[in-house]
Amino acid sequence: MAEGNWTGVNEFILMSFSSLPTEIQSLLFLTFLIIYLVTLLGNSLIILVTLADPMLHSPMYFFLRNMSFIEIGFNLVIVPKMLGTLTAQGTTISFLGCATQMYFFFFFGVSECFLLATMAYDCYVAICNPLHYPVIMNPKTCTKLAVASWFPGIPVATVQTTWLFNFPFCGTKVNHFFCDSPPVLRLVCADTALFEIYAIVGTILVIMIPCLLILCSYTCITAAILKIPSAKGKHKAFSTCSSHLLVVSLFYISSSLTYFRPKSNNSPESKKVLSLSYTVMTPMLNPIIDSLRNNEVKNALGRTFYKALGLRDCIA
C-alpha cells in the first residue's frame, strides 16, 4: 500500500446514526444488541443440531450449516463495531481495520449469493430427480459445491478492497455504520471512474449470476410440482423448498434495493436503513425461518434438548 495513503489517513470515523438523538441511539443499541445475540444463538443452534443429530446428516442441512457459518461471520464483522458507534458520537476505526471489515463484508456477501444458488440446485435435484438424489448429491459433490460457493468471495473481496484502499483519501468521516464501498469511495480524492465501472459490473455479475441460477432451478421445480397429481404431493414438494425461497427473497430484495436504486433516491440515511435489512435482520430471520417452517429441525432441536438434559426417555 502506498506510503502516502498511510501518512494522509490513519483512521476513519464511522458516523453511523450519530445524527439521531441520544435517546433513540440508546434504543437502537438495545434493539441491535438483542438481534445480535438472537442471531448468534439461532445460527449456532442450527450448526450444533445439524452436526449432532444423525437425522439431519443430509445435503440440505449440510448447506444450511454453511449458511449459518456465513450469517455468524457477517454479524461478527459488522454488528459489534456498529454497537460501538451507538455508544458515542462517531467511533474511529483504523485504516487497516476498515479495509479488513470491507474485505470480509464482500467475502461473506459474495459467498452467500453463490451458496443460495447451490441450495436452490439442491432443491431442484430433490424435487425433479428424487430417485437419483442420493447418487447426485453425494458427500463428495456436496463438499465441492460448498467450496465452489465460498471461493468466489476471495478474489472479489481481494481485488475490490485492495484497489479501493490504494487510492489517496482526503476525508475521514464514513457516513455509514460500517466500511461499505460507496461511502468510503466518496472520501477518495482521485479519479475513480475505472474503479466505479468495475464495482458496478462486479456487483451485477455477483448478484445476477446466482440469481439466474436460482430462477432456472425454481422454474424447473415449479414445472415439476405442477405435474404432481395430488394436492398433498404438491404441498409436500413445495414445503421442501419454501423456506429457502423465502430466505432468497429477503436477501435479494434488500440487497438489490440497496445497490441498484437510482442515485437520486439513494440518500445515505435510506441506504443505512436498507443495509440493516440484509446485514442485521436477514441473518437473524434465517434460522427462525428454517426452524419454524421445518418439522425435522424442530424435532431435532427437541431431541438435542432432551439429550442435553439427560431425559432420553422423553425423546420421540
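Predicted model: local features only at pLDDT ≥ 70, side-chain atom pairs only at ≥ 80, totals over all residues.
**View 1. Helices α3 and α4 pack against each other.** Helix α3, which covers residues 59-85, packs with helix α4, which covers residues 95-128, at an angle of about 160°, and their axes lie 10 Å apart. Because angles over 145 degrees count as roughly antiparallel, α3 and α4 are therefore described as roughly antiparallel to each other. Sorted by class, the residues in the contact of α3 with α4 comprise 15 nonpolar, 6 polar and 4 charged ones. The crossing that α3 and α4 make is left-handed.

**View 2. Three strands, β2, β1 and β3, form an open sheet.** In general, the strands of a sheet pair through backbone hydrogen bonds, and this pairing may be either parallel or antiparallel. Here the 3 strands follow the order β2-β1-β3, and the pairing is mixed. The edge strands, each of which pairs on one side only, are β2 (91-94) and β3 (173-174). Strand β1, made up of residues 11-14, is joined to β2 by 4 bridges, and these two strands run antiparallel. Within this pair of strands, I13 stands opposite T92, a residue of β2.

View 3. Helix α3 lies across β1 and β2, and its course runs at about 140° to β2. Helix α4 also packs on the sheet, where α4 touches β1 and β2, and the direction of α4 makes about 85° with that of β2.

How values were computed: Residues numbered from 1 in each chain as written. Heavy atoms only, no water. Axes fitted to C-alpha atoms, helices over the stretch in contact; angles between N-to-C directions. Parallel < 35°, antiparallel > 145°, perpendicular 65-115°, else oblique. Left-handed = near helix turned anticlockwise from the far one by under 90°. Nonpolar A, V, L, I, M, F, W, Y, C, P; charged D, E, K, R; others polar. Pairing = 2+ DSSP bridges. Contact = heavy atoms within 4.5 Å.
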